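Reader: I am new to structural terms. Please show me how the labels are reached.

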Amino acid sequence: MSPNRPDRFMNDVLQALATILEQRKLAPADSSYVASLHAKGLNKILEKIGEEATETILAAKDAESSGKTKDLVYETADLWFHSLVMLSHLDLGPDDVLKELERRFNLSGLDEKASRTGKK
């Protein structure tokens, strides 16, 4: 996070985006890209997430070797965006994810993983 921006800026951006995604979820399919994704259904949205995840991975590999991160940031934004569309499609939002991250904040990653698998 930039030292010039308060932490709430990140939450404001996510909230504003979530509001727009909710509005477009109910819009006619030909009125916006997001509306068209919702009209095509969850499988299409998941397909887009898969594509964006692959592009993010490739951009990370390129960034490691070149030291240039612009494409990685761009592809990560696409991945996050499509993930937010998925959450919206399932009547969830960024707050649900942020609450889960907050829950894990003081929890060891190893302990959290063990709690899901039943073993350490």
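Reader: Which residues does L84 touch, not counting residues up to four places away in sequence?

Author: L84 touches L14, L17, L21 and P94. Contact means heavy atoms within 4.5 Å. This is a predicted model: local features need pLDDT of at least 70, side-chain atom pairs count only at pLDDT 80 or more, and totals for chains, interfaces and linings use all residues. Residues are numbered from 1 along each chain as its sequence is written, and side-chain values use heavy atoms, with hydrogens and water left out.

Reader: Why is L84 called buried?

Author: Buried means under 20% relative accessible area, exposed over 50%, and partly exposed in between (1.4 Å probe, protein chains only). L84 has 12%, so L84 is buried.

Reader: What makes D91 exposed?

Author: D91 has a relative accessible area of 63%, so D91 counts as exposed. D91 is found in the loop between α4 and α5 (94-104). Helices here are DSSP runs (H or I, at least four residues), numbered from the N terminus.

Reader: Why is α2 called oblique to α4?

Author: Helix α2 (residues 33-40) and helix α4 (residues 70-89) pack at an angle of about 55°, their axes 11 Å apart. That makes α2 oblique to α4. Angles under 35 degrees count as roughly parallel, over 145 as roughly antiparallel, 65 to 115 as roughly perpendicular, and the rest as oblique. Axes are lines fitted to C-alpha atoms, for helices over the stretch in contact, and angles run from 0 to 180 degrees between N-to-C directions.

Reader: Which residues of α2 and α4 meet?

Author: Y33, V34, L37 and H38 in α2 meet F81, H82, V85, S88 and H89 in α4.

Key. Helix = DSSP H or I, 4+ residues; strand = E, 2+ residues; numbered from the N terminus.
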